Amino acid sequence: MIPFRRVFRHLPQPALVLAPSHKLAAANEAALALFGGAGASQDEQFDRVSATLGPWLRADVDSFCESCDEARTYEKEHQGFCQCPHYYRVRLARLESADARRGVIVILTDITERRRALEEIARLAVIVDSSDDAILSICPDGRILSANRAAGRNYGYAPEALRGMSIFVLVPDGLEGEMRYVLEEVVAGKSVSRYETLRRRSCGTVFPVSVTYSPILRDGVVRAISAISRDITPRKRVESELRRSNHSLNRMLEETVKSLSALLEKRDLYTSGHQHKVSRLSCLLAERMGMDAAQIDTVRIAGLLHDMGKVCVPMAILSKPARLSPGELALMRQHPETGYDILRNIPFPWPVGATVLAHHERMDGGGYPRGLAGEDILPEARVLAVADVLEAMSSHRPYRPALGLACAMEEIGNQAGAALDREVCRAARALVDERRISEIRGELTLCP
Ligand SMILES: [Fe+2]
């Protein structure tokens, strides 16, 4: 018996022996530590354990002892006692004494951590199941281990039917390679976040999804993969409608700008085609300089409208076949500001008005209307300035014949780094050398 007593005493779980009278007959060290009886006499310790456990355990012991099943052990889970927040599993077993009277051995196992883990899992399961996103866990070989309700709805299967199915069933034809690659990446421990692809429903229809795959690790090894996918059909539909609407708005904008441009050129036949050509030249220069798409759009639109303000200049001045008088020149020089006033309330997505306003500014400060210099002039306006000079000199004017491309390029070379931006002039030189700007039968010809 002694070894058993020692085992009983040193059991890690709190253990008690109840006499046939159900009175406490023994308590091991773990039980005394649990009930706080250390240092007290044995009677006091027993009283304390009994007082604590009595009401808590009596029903279980009575129920167990009344049972006729000799071999049966009894297990029940309880939450705490003495305001103790821990959970315990109570295990009861019969003890036979020499006089055939029955006692009971009680072993308490603290299952708090396990209970809390289970509660956490239950909470997470509710969250997972109430999510609108399809959530799957997948084996590294692609077999589905679990699926939430949204997965069932999105893919058109009962969640339980998805379990055991291959993820490849949900992958449309032609995307199997992509799926294999993603699985390999995640099995290697990487996450694949919010990538957009397609999936297939049970009825065969294909729909767009945004998917995130993450490795589920245990002991540093990828045991499974979490796959969260969102049906992005509504978003794609809105994006497509927005694209259509943007395309339509852009076309309206383009046509409006071209109409405005044509309005001026119909009035001033001598400069007919000038704005159109400056716009194309500016785009060539901006592209050659590596400007971004927004800047290229800016010079394209601003080029088409840059002399818009000339609608307020009398025809007699516009078509005067001689040098302008100082007063006429002053009137003519108002056209950048007039153009800006006309355009400034149009909500272009680019600085079109400001570029039009500055297209006669010069790098050395000798331009108008504000006499800006260097970096204070918008880069787009510096491009427009070179394109304007190049086109104007290459073309016929009421007061002089066309000077030709060679003469225009000579002037641009002379003004590079002085009145005109050196980089833009360099781009013009390169475009001429590449024959993308040339002169054919006296006409400035552009090759995009
Ligand atoms: Fe101008």
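1. Let's start with the iron ion. Its protein donors are Asp-307 (OD), His-335 (NE2), His-359 (NE2) and His-360 (NE2), at 2.1 to 2.3 Å from the metal. Here, donors are N, O and S atoms within 2.8 Å of the metal (3.2 Å for Na, K and Ca), and water is not among the atoms, so sites may look incomplete. Please keep in mind that this is a predicted model, where local features need pLDDT of at least 70 and side-chain atom pairs count only at pLDDT 80 or more, while totals for chains, interfaces and linings use all residues. Residues are numbered from 1 along each chain as its sequence is written, and side-chain values use heavy atoms, leaving out hydrogens and water.

2. Along the chain, the iron donors follow the spacing D-x27-H-x23-H-H. Asp-307, in the loop between α10 (293-305) and α11 (315-318), and His-335, in helix α13, are 28 residues apart, so this pair links distant parts of the chain. Helices are DSSP runs (H or I, at least four residues), numbered from the N terminus.

3. Thr-338 is buried, because its relative accessible area is 19%. Leaving aside residues up to four places away in sequence, Thr-338 touches Gly-309 and Cys-312, where contact means heavy atoms within 4.5 Å.

4. Finally, a look at helix α15 (residues 379-394): 15 of its 16 residues are buried.

Note on methods
Buried < 20%, exposed > 50% of the residue type's maximum accessible area, 1.4 Å probe, protein only. Helix = DSSP H or I, 4+ residues; strand = E, 2+ residues; numbered from the N terminus.
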